[in-house]
Amino acid sequence: MENEGYAFIIMVKGCKELVSSLVLGHRNTLETDRKYSIRSYRVYGKTVKSKLYEDDSTERFFHIYFNPSKQAAEREQLEVKTR
């Protein structure tokens with residue numbers, strides 16, 4: 001796509017190795033820091049640069065989001081399962 005001049009956006013889930021490593025690398029840096037708050041969506045977000053694959057020649061922008069409401073809901077589901 002890039003060779004043909006197309007801009008692109010890819011959504012990937014956190015279970016993919018690349019995404020997982022980016023998220024873990026920035027864990028505990030944005031979850032409660034007000035400077036990363038996106039108030040209108042009630043989430044925290046941070047943009048980082050990295051390569052999409054090992055021999056990628058371009059650094060890409062990755063947007064990492066944390067949703068405290070989703071965390072609370074998932075925690076509650078876990079608690080219910082373990083009772």
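Two strands count as paired here if DSSP finds at least two bridges between them. With that in hand, let's walk through this predicted model, starting with its sheet.

**The sheet**

Three strands make up an open sheet, arranged in the order β1-β2-β3 with antiparallel pairing. At the edges sit β1 and β3, each of which pairs on one side only. Strands β2 and β3 run antiparallel to each other, joined over 8 bridges. As background, strands of a sheet pair through backbone hydrogen bonds, either parallel or antiparallel.

| β1 | 37-38 |
| β3 | 59-66 |

**The largest pocket**

Next comes the largest pocket, whose volume is about 1400 Å³. Its lining is made up of 31 residues, and those closest to the pocket centre are V12, V19, H63, I64 and Y65. Which elements give two or more residues to this lining? They are α1 (17-25), β3 and α2 (68-81). The edge strand β3 gives the most, with 8 residues. Sorted by class, the lining holds 18 nonpolar, 6 polar and 7 charged residues.

**A nonpolar patch on the surface**

Finally, have a look at the surface, where I10, V12, L52 and Y53 form a nonpolar patch. Together these residues have about 340 Å² of accessible area. Within this group, I10 lies in the segment before α1, while V12 is also one of the residues closest to the centre of the largest pocket.

Conventions. Residues numbered from 1 in each chain as written. Predicted model: local features only at pLDDT ≥ 70, side-chain atom pairs only at ≥ 80, totals over all residues. Heavy atoms only, no water. Helix = DSSP H or I, 4+ residues; strand = E, 2+ residues; numbered from the N terminus. 1 Å grid on protein atoms, 1.4 Å probe; cavity = no way out; pocket = protein on both sides within 12 Å on 5 of 7 lines; lining within 4 Å. Points joined across faces, edges and corners; volume = space filled by probe spheres on them. Nonpolar A, V, L, I, M, F, W, Y, C, P; charged D, E, K, R; others polar. Patch = residues over 30% accessible without salt bridge, like charges linked within 9 Å, V, L, I, M, F, W, Y side chains within 5 Å. Areas by Shrake-Rupley, 256 points an atom, 1.4 Å probe, with all protein chains shown as cover. Salt bridge = Lys/Arg side-chain N within 4 Å of Asp/Glu carboxyl O.
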